[in-house]
Amino acid sequence: MHLTSKAYDVDDFAAAQELYHSNGWTDGLPIVPPTEDDVAACLDWALMPPDQLVGIEPVRTQPITAEKLAINAVMAGCLPMHFPIVATAWQALMKEEFLLHGVTSSTGGAALLVIINGPIRLEIGANSTFNALANSDRATAAIGRAMRLALINLLDARPGGIDRSTLGHPGKFSYCIAEDEEDTTWQPLSVTRGIPGGVSAVTVMGAMAPRQIMNEWTKDPREILETFAAEMRANQRHYSIYGGNYAIVIPKQLREPIQDAGWTKRDIAEFVYERARIRRAEWAEVGKGAVVRDRGETVHTALDSPDHLLVIAAGGPAGGFGAVIAPWFGSKTKAVTAAIGACVDCEPPKD
Amino acid sequence: MILRVFDPTNERKSAGGEPAPRLSSLKGKTIGFISNGKEGTQGFFAHLDRMLRDEFGVADIVYRRKANYSAPAAAAIVDEIKNWQAVVTGVGD
C-alpha cells in the first residue's frame, strides 16, 4: 500500500513524540507513532484505499481522505478493527445538518459525542457498563480520541485557531460511548433513528459535558424521568434555552423500573418532551433578565419534538446515576446516525 | 532503530480565500456590514457606522444579518457583496 503523506524518519519513540508535539499535531498526550504498517492495517480492515475520499467538510470545503483519518486513528491508539467506526463517524460529521464547523469553532466549547450501536460493540470489546461515559475501555477511549485528533490535524481545530472555545470540557479528549443493548428491553438508539436492527451504526452529536443526576428513591418512571427533565430545564436556564438534540444516559438501576412499567424509549421521549420546558421569564431568576424583554411568557421546549431525544442505555449495574448531555446550541447542530459499512450518501431511487 | 512516521495534517487543503485588494480611500464608498446576529454586534456596528461616515466619508452602509450565527452567510447575502466596495463581518460575543 502506498501512502502519499509526507514521511519523517525519527530515531526512536521519544523523538516521534517531540516531532508530533512540536508541530502541534497532538492533544497534549503522547501519541502512537503512525507507521506505514499500522496505517495500512487500518485501511485494509476498512477495505479503504488510502486516497478514498471519506467526505468534504462543507463549510471550509476541506477534503478528508481515508489515509489521513487512519494516521490520526493510529496516533489515538486505535486498532484496525476500530477504524471503520472512526471513518463512518466522520462521514456523519460532514453531513450539512451536523454543522461541524460551528460545533468545532464556537466559543460554546462542545465536543463530539460518538454513540456506538450494533454487533461491532462486542467485536471491539466496548464496555457499556461501569464508567460508561469515561475511561471504560480501550476501544471507546481510542475512537473518541481519534475523532478529536483528526479534527485538530485535518480541520485545524486547535485551541485559539479554528477552535475558539472559551472553556471546552474534558470530553474534547475523548467522548465515545457504546449502548448496553444486551441488558435492556429497549430498542437500540440506532434503531430508534431509522437504522435496521442488527446493523452496526454510530450516532454523532455536538455535545456539552455530561450533567449527572441522581435519584435512588423511587421506582415510578415519571419521578425518575422528572429528575432528568429537571436537569434539562436547569440547562435551559443556565446555558442555552433553545431546543435541540439532548441525550440522556439511563443506567440499569434507573431503567429497570421504567422498563418494568412497560415504558419504551418513545414513551420516555414523549414524557420528557412535555416536562423539559421553561418560560423565558425564568431567565430573570438566573441573572439573564436583560434578554427576557417582552417575551417572558414564551415557552421554550428543550426538545423541538420527542424525536429529538437520544435515549441511551448504559452505565454500571448499581447506582441511580444518570446523565443529561445537552446539545451545543439548540438545533443549530443536529445529531446524525450512520450505518457502519454502508454508504450514507447512497439512497435507493425513490421511483 | 529508525521509525518512519507520517504527517497527520491535511496536506491537500482547499485554497482558502484571500483578502481583496485594499481600497486607497473609503470616501464615497458603500460598505456592507454582515452581523452574526448576536447582541454584541449592535453597539459595535453602530459605532463603526458613525466612524466610517464621520471620519472616512463613507457614502452608504448596508446592514445584513446572518440567520444562523454559527453557519456561513446565506448565498443571497454573499451575492450582494459584489455591489459593495468593502465588507465587514462581525462576531458579537
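Biologist: Which residue in S4(B) stands opposite Ile34(B)?
Modeller: Thr89(B) does. Keep in mind that this is a predicted model.

Biologist: How many bridges join strand S2 of chain B to S4(B), and do they run parallel or antiparallel?
Modeller: Five bridges join them, and the strands run parallel. S2 of chain B covers residues 30–35.

Biologist: What is the strand order in that sheet?
Modeller: The order is S3-S2-S4 in chain B. The sheet is open, has three strands and pairs them in parallel. Strands S3 (60–65) and S4 (86–90) are at the edges with a single partner strand each, so one side of each has no neighbour in the sheet. From one strand to the next, the twist averages 20 degrees.

Biologist: New topic: the chains. How many residues does each give to the contact?
Modeller: Chain A gives 33 residues and chain B gives 19 residues. On the chain B side, eight are nonpolar, five polar and six charged.

Biologist: Which strands are joined between chain A and chain B?
Modeller: S1 (residues 7–10) of chain A and S1 (residues 3–6) of chain B, by four bridges. These two run antiparallel. Tyr8(A) stands opposite Val5(B) there.

Biologist: Now helices. At what angle do H3 and H7 of chain A cross?
Modeller: Roughly 130 degrees, with the axes coming within 8 Å. Angles over 145 would count as roughly antiparallel, and 65 to 115 as roughly perpendicular. H3(A) and H7(A) are therefore oblique to each other.

Biologist: Is the crossing left-handed or right-handed?
Modeller: H3(A) passes H7(A) in a right-handed crossing. The residues of this contact are nine nonpolar, two polar and two charged.

How values were computed:
Residues are numbered from 1 along each chain as its sequence is written. Chains are lettered from A and ligands numbered from 1 in the order in which they are written. This is a predicted model: local features need pLDDT of at least 70, side-chain atom pairs count only at pLDDT 80 or more; totals for chains, interfaces and linings use all residues. Two residues are in contact if their C-beta atoms, placed from the backbone, lie within 7 Å. Ala, Val, Leu, Ile, Met, Phe, Trp, Tyr, Cys and Pro count as nonpolar, Asp, Glu, Lys and Arg as charged, and the others, Gly among them, as polar. Two strands pair if DSSP finds at least two bridges between them. Axes are lines fitted to C-alpha atoms, for helices over the stretch in contact, and angles run from 0 to 180 degrees between N-to-C directions. Angles under 35 degrees count as roughly parallel, over 145 as roughly antiparallel, 65 to 115 as roughly perpendicular and the rest as oblique. A crossing is left-handed if the near helix is turned anticlockwise from the far one by less than a right angle, and right-handed if clockwise.
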